[in-house]
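Trainee: I would like to go through the labels assigned to this structure and ask what each one rests on.

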Amino acid sequence: MSVLAHAALLALLYYFGSYQLSLRQQEADVASSLRATSQASSAQRLRDLQTIKQLLEKSAGRGDSEPAPAPGAAMPAEPETPQQMLDQARELAKAIDALNKDIQAEELAMLTGADKPPAVAKPAAVAEAPTAASETPALQADQASAPAKPPQRHEAEAKGGSTDAGNPPADHPRGGAQVAVTPETAAGEIAALEAKARTTLAQRARQLQARANGVPVEAGSQGTGPGQAGAAAQGHGRGSSVGAEIAEFIGTDRPGGETTASKSYFGNKTSFFDKGAGRIPPVDVATMVPGHGRMLGAGGEYANRVYLNSWYIIGPFAGRHEGGLFDNPSYPPEKAVVLDAVYFGKDKRLLKWRYVTSQSYPLVPPDAVEDSVYYGYTEVFVDQACDLTAWIGADDDVQIYLNDHMVWKGGNVNKQGYFNQIFEDGGAYLRDYNRTEGKRVLHFNKGRNKLFFKLSNGPNSAFLSMVLTR
């Protein structure tokens, strides 16, 4: 009885002592990581707002309107607090709105033949959003190691917040004492401002495309006739390069994946995976060039087929069951990659980013469990801008982003047929590094290129296959 009493006392002391302290420390670390993630996401959106402003100026022939800083001049201070970031986002949004009104007035004058309206007065100077290079060294060409601190990435769709650039939020009243702005409230409004600015930029892209194709004008309408409108549009054009830059930024030229609705696990005596009719594309093994490293090249020590096996990976987060895995929830890594962050994952386990170099093919995430979500980040370095073919396959579903643009969205098309080929039909899919369900030609910029994936798993095991070829 004495031993049992002492054991119970020790258990209580542990539970209310070091165990509770450990739990509180974990919660504090996760809360700090969530704030850092919101901050990183907002910083990226500020950079995007600045880019949108510059693209709009360039499309209107005002790309050189900003005077170059004098040599040795002090650079504008980067915003550090949520309030400073929010203030800069509002100022950028105001500048974008004013510029857009000026552009629309110009377009109307061009189409109607009226005199060009006077330019809208330029708003007060806005501090440039940070565009400095990443703090981390670039991944070397052999993709042998990933960075210690990658630049932040952000969600493609903004959520929450006010869309009025001129009005402060409810918790930031005019007059009286200011209410402190948290990273979360700032992130919500900045996200809404950036989403509105992207819509403005997309509208501008459509205008430039219409101008390139000639702008039709109905007969009898006031202003120029159809032929004159087309000529005026072409004469006023800024060239296709600006339109291409805008398309690249907003991702309108990116191919999307196909998806279909999922079925239930055992409903109607069928798997919830769609059978489909797709086939794994063959690999010409005779033309494969082996290499000592992981660099693409024509012969010699350079391979012509590179398996991306080095990633920072975090997970598992809780995923949906059955067909819901194709529409899993979003988690903090989708807002920004912060490699020293910690989050609560599935079953309240504490998750950290881990650097994984898979010694076998394909890449299997650590702690692979059913109904879960994993994220991965790496970088690929190329010495010259080029187009590469990405061969992609996943068990079960994956979305992939290249330089913050979604370039692959999986789904349930052909999934059952794909799994049948891999697990039942045999074949040399492992030997040829070819568990591929589809291919995309992707453009890689000169230097460092960021890759990010979201892998969703349903029943059984999980893997990702991503191979690059010329």
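Predicted model: local features only at pLDDT ≥ 70, side-chain atom pairs only at ≥ 80, totals over all residues.

Mentor: Residues are numbered from 1 along each chain as its sequence is written, and side-chain values use heavy atoms, with hydrogens and water left out.

Trainee: How many helices and strands are there in the protein?
Mentor: The protein has six helices and twelve strands. Both are DSSP runs numbered from the N terminus: helices are H or I with at least four residues, strands are E with at least two.

Trainee: Why is E334 called buried?
Mentor: Buried means under 20% relative accessible area, exposed over 50%, and partly exposed in between, with a 1.4 Å probe and protein chains only. E334 has 10% relative accessibility, so E334 counts as buried. K454 is at 5% and therefore counts as buried too. Of the 470 residues of the protein, 45% fall in the buried class.

Trainee: What makes E334 and K454 a salt bridge?
Mentor: A salt bridge needs a side-chain nitrogen of Lys or Arg within 4 Å of a carboxyl oxygen of Asp or Glu. For E334 and K454 the N to O distance is 3.0 Å, so the pair meets the rule. E334 lies in the loop between β2 and β3 (342–344) and K454 in strand β11 (residues 447–457), so this pair ties together parts 120 residues apart in sequence.

Trainee: How many salt bridges does the rule give?
Mentor: The count comes to 16. One of them joins D48 and R198 at 3.3 Å, N to O. D48 belongs to helix α1 (residues 2–59) and R198 to helix α3 (residues 183–213), so the pair links parts that are 150 residues apart in sequence. D48 and R198 are both buried.

Trainee: Which parts does the salt bridge between R204 and E107 tie together?
Mentor: The side chains of R204 and E107 meet at 2.9 Å, N to O. R204 is in helix α3 and E107 in helix α2 (residues 82–112), so parts 97 residues apart in sequence are tied together. Both R204 and E107 are buried.

Trainee: Which residues do salt bridges that share partners join into one network?
Mentor: They are R45, D48, E194 and R198.

Trainee: What makes β1 and β12 paired strands?
Mentor: Two strands pair if DSSP finds at least two bridges between them. Three bridges join β1 to β12 (residues 463–469), so the pair qualifies. The two strands run antiparallel, and V306 has L468 in β12 as its bridge partner.

Trainee: Why are β1 and β10 called edge strands?
Mentor: Four strands form an open, antiparallel sheet in the order β1-β12-β7-β10. β1 (305–307) and β10 (438–444) each pair on one side only.

Trainee: What is the order of the six strands in the other open sheet?
Mentor: The order is β5-β2-β6-β11-β8-β9, with antiparallel pairing. Its edge strands are β5 (354–357) and β9 (405–409), each pairing on one side only. β2 (residues 310–318) and β5 pair over four bridges in the antiparallel sense, and Y312 stands opposite Y355 in β5.
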